Amino acid sequence: MGLLSDPNRRRALIGLLTRLNAPIWGMPVDWLVKTMQSRGLEVFTQRFSRRLPFPDEDKERYMVKGTNVYGILRAPRAPRTEALVLSAPCTAGDHNNQAVGLLLGLAQYFRNQVYWAKDIIFLVNEHDLIGMQAWLEGYHHTNTTGMDWSPLQGRGGSIQAALSLELSSDVVTSLDLVLEGLNGQLPNLDLANLFYAFCQKIGVLCTTQGKLQRNDWDSVSGYSHAVQTMMLMAMKQASGRPWGDHGLFLRYHIEAATIKGINSFRQYKTDATTVGRLLEGMYRKLNNLLERLHQSYFFYLMSSLSHFVSIGYYMPAFGLLGVILLLRALDLWVQLASPPPRTEDGVVDADPGVLSVLTPLVISHLTGAALYTLPIHFQEMAVEHFPVSETEAVVLTAIAVYTAGLALPHNTNRLLTGQGTEQGWKVLKLVAVLYLAVLLGCTALINFSLGFILALTLVPVAAFVTPNVPKVLSAFVLVVLSPACTLLFSVFFFQELQEMPVSFLDGWMLYLSVISQGILDHALYGSLVYPLVALLVYPCWLLFWNILFWK
Amino acid sequence: MAAPMTLLLIVAVTIRAVLYRSGVADLVSERVEVVSPLTAWKRVVEGLALLDLGVSPYSGDVFHETPLIIYLFHFLVDYAEITFMLADVITAVALYMAVKDYNKQVFRKQKYALEADRYPLDCLELIRSPGEMYYIPLKVYPSCSTCGLNNAVIALFILSTVKGNMLLSAIFLSLATYQSIYPLTLSAAALLYLMQVSPATFWWFVAQYAFMYLGSLLVLVGLSFFLLGFWDYLPSVYGFILSVPDLTPNIGLFWDFFAEMFEHFRLFFLCVFQINVFFYTLPLSIKLKEHPVFLIFMQLAVISIFKSYPTVGDISLYLAFLPVWSHLHRFLRNIFLVSCVLLACSALFPVLWHLWIYAGSANSNFYYAITLLFNVAQILLVSDYFYAFLRREHHLSYGLYLKRKDGSEATLVLK
């Protein structure tokens, strides 16, 4: 008794999958509507359109217009107050060509069962994340990103959980669970545990970060494998982008995960039937939930599907880094509070004016504001004068503004007529260190990995920089540990961890595309990484650069 | 001093107008740290709508401001922004003039004491010089709440007390008490100050003041009844402040505590919390009877920490006083810790609110923890200033470098 015990249904599913193997130009909206209606769902569509701030070269889109199609399976007996979502992104090409077929097969099977207590919404979204954002905004009546969408004609109740499918082949060797969402938000650990437990029961191989579990935790290689998996998860979380369509659900307090089917060179393959049984089991479990998943951790780092590090273990590590900054601040305060030593001829250092501290602050933040606003606003002008495309113009403007900020201390010193004093740089460093501590603390609470990576690179430098250290060496170290270079190294490191190392030139191109994707994510979905780095972290780093070159 | 003051006022008003026009005003007017169920502008608008429909604005649990406010805004609802700006300007100017007057009196007293040779010789460095005595209060925040009006009334009360005008002081105090009950504790400070200025027999003075105060209070209550037509504003306003039925999160101590309280103990703990606000009046008045203005500062701080629905507007009122005591900096022990904690808490409030309400990863305990930390830091700040003040007074009478009877160096301990 299962999904495809009926030979007719099996044939119908194979027919669907074969038909979807052919290349699709855009989404077959009418065919989807007809098919879903024939399966007894209430079908609705939603049109959306969006002009990106600059062309997206990875996915090759600029003016995006699309339609989402979704069918609601109403719960036969229960009051319709809650809903579950099963979604499959549908794009042209064969990237995800099997998922829609599986979705439709499941819809037909689910329709004939009587135990559903929640409405099930089968969503096929076009242009993956953009379509999903439009659907979620329409469902929740919010409009945070300025997209243009038609209102939804039909709704279910409040969504309790969602799963997103990505299947590129009709047989899979393993299923990969993707958890990282927008701004590093993660679903409740219970959802991951549920999926893993079910995979084990059915006998399907389940992976996380594309890496298989090992059983030898005590050996060095086993341990390093676990550490690599965890570091991959940390880097994906720190990037702040949703790594699957599920990433946008988390913002609305809906637990969601993406299931990717991977077809590698293994002998034992699982066919679509088993995957369907797996999904059916997941949905039956989610159907039985009496309340939203909230009992387990929301903040964790998984080193494998059966081992994780919770916030209680990783936060003290971050706390210790923060303590370095606080101790340095205390030390500076004590130095400032004790009276200045009188020199031989009775000349005492004058009190640092408020201006000498305020000026670097204001200038750093203005540079940060320039880094945030200039790349997108000046892309037309840049395209006119230089032979680059819009995306390259945006990215190169960002890098140019970033590098121009390095020249600031010389200009600031020319602007201020008076000499900076010994007290002056201490006051500025006190302010900068406290500012960095509060900033990193708030970042770590929202997106731990981002806060931790920034803390690892910025805290040692912040604690030790003074105008008296050797200038060339410390300038080099400061630049190497600045946010932009951290990102560059992270790109190479990420590729290494995924066992796909890249050459320097490829890595540089990847780095440029990462910057452009970061800016796009902020404009399209409200990701906070780009504004955080441009408006807060970069000015803070500039303050330390100012202190290094203090005269 | 008028020129820099006017310039600063113009700058502050411009910044406020710019912030109000931008999208920041909508964001800020929703924040629970800025508006409370008592002072929220949205509730005033709701009450006005109900009044226009002919229904009592206190029906339904929405509106909790006094009737005079609603009638004031009945005429001024289109100019609400200007009203709030004007209230803030009045607060700033009143505080400035009050502090100027206070400084003049402190100078006079100091000169007399120097001439009378009452200060030991080694504490000449503690004498305040005219250079430190400038003070320009600076409060700019685009909140949409009636807290600005409360602050303006309290500032006018302080001004009239410092100028020595008993009648106006009593009237403004009764107006402030009419708005929210807690400024009642400021009457002790006002009495002490006015008695210093114009000495008279104690009980006759108290009777005079009480008569004026109660008289104006009765007039206000009667006027409210006359305007509104029924008495149901008394339980809605004062009953609301005292019995705390609304447990919306704010930066105070009441909400989470009473959310977890069993019904059986609710009245007991309610009494305990409310008495806590009024309790410090007597000991502080006894200790600070020579320094009533500092007493006013301490009372304002105690009110804004322990009241039932505090907001950052209340906090800004007593923080505006801090530059007056800038000569105490050398005796403050915890100022670094306090300012770090206040800064960190202010940054963490919106972060944890977001994590609780929007992301769903945190719960109310996280936000209450930050509230508690914030209030502890405020209490530490106030007690630090108290210690510094008393220590300076001690040094002024007994010399700056203390020695014990056998000549070794002594240290002061606040018991």
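Trainee: How many salt bridges are counted between chain B and chain A?
Mentor: This is a predicted model. Take the extent of the interface first: 14 residues of chain B are in contact with 14 residues of chain A. Between chain B and chain A, the salt-bridge count is zero.

Trainee: What share of the area buried between chain B and chain A do carbon and sulfur atoms give?
Mentor: Start with the total. About 1,300 Å² is buried between chain B and chain A. Of that area, carbon and sulfur atoms give 82%.

Trainee: How many nonpolar residues has the side of chain B that touches chain A?
Mentor: Sort that side of chain B by class. No residue there is charged, and two are polar. As for polar contact across the interface, the rule finds one residue pair, both at pLDDT 80 or more. The nonpolar residues on the chain B side number twelve.

Trainee: Which are the edge strands of the open sheet in chain A?
Mentor: Read the order of the nine strands: β5-β1-β2-β4-β3-β6-β10-β8-β9, with mixed pairing. An edge strand here pairs on one side only. In chain A, those are β5 (148-149) and β9 (206-208).

Trainee: In which sense do β1 and β2 of chain A pair, and over how many bridges?
Mentor: Strand β1 covers residues 42-56 and strand β2 residues 61-73 of chain A. The two form a hairpin with four residues between them. In the turn, A:Glu60 has a positive phi of about 55 degrees. The pairing is antiparallel, over eleven bridges.

Trainee: Which residue is the bridge partner of A:Ser49 in β5(A)?
Mentor: Look at the pairing of β1(A) with β5(A). These strands run antiparallel and are joined by two bridges. The partner of A:Ser49 is A:Asp148.

Trainee: What angle does helix α2 of chain A make with β2(A)?
Mentor: Helix α2 spans residues 29-38 and packs on the sheet. Its contacts there are β1, β2 and β4 (119-126) of chain A. Its direction makes an angle with that of β2(A) of about 10 degrees.

Trainee: At what angle does helix α5 of chain A run to β10(A)?
Mentor: Helix α5, residues 189-202, lies across β8 (174-178), β9 and β10 (255-262) of chain A. Relative to β10(A), the helix runs at about 35 degrees.

Trainee: How many residues apart in sequence are the parts that A:Glu42 and A:Arg74 tie together?
Mentor: The whole structure holds twelve salt bridges over all chains. In one of them, A:Glu42 and A:Arg74 bring their closest N and O atoms to 3.1 Å. A:Glu42 lies in strand β1 and A:Arg74 in the loop between β2 and β3 (82-90) of chain A, so the pair ties together parts whose separation in sequence is 32 residues.

Note on methods. Residues numbered from 1 in each chain as written. Chains lettered and ligands numbered in written order. Predicted model: local features only at pLDDT ≥ 70, side-chain atom pairs only at ≥ 80, totals over all residues. Heavy atoms only, no water. Contact = heavy atoms within 4.5 Å. Buried area = accessible area lost by both parts, 1.4 Å probe. Salt bridge = Lys/Arg side-chain N within 4 Å of Asp/Glu carboxyl O. Polar contact = N/O pair within 3.5 Å; in protein donor to acceptor, adjacent residues only side chain to side chain. Nonpolar A, V, L, I, M, F, W, Y, C, P; charged D, E, K, R; others polar. Pairing = 2+ DSSP bridges. Axes fitted to C-alpha atoms, helices over the stretch in contact; angles between N-to-C directions.
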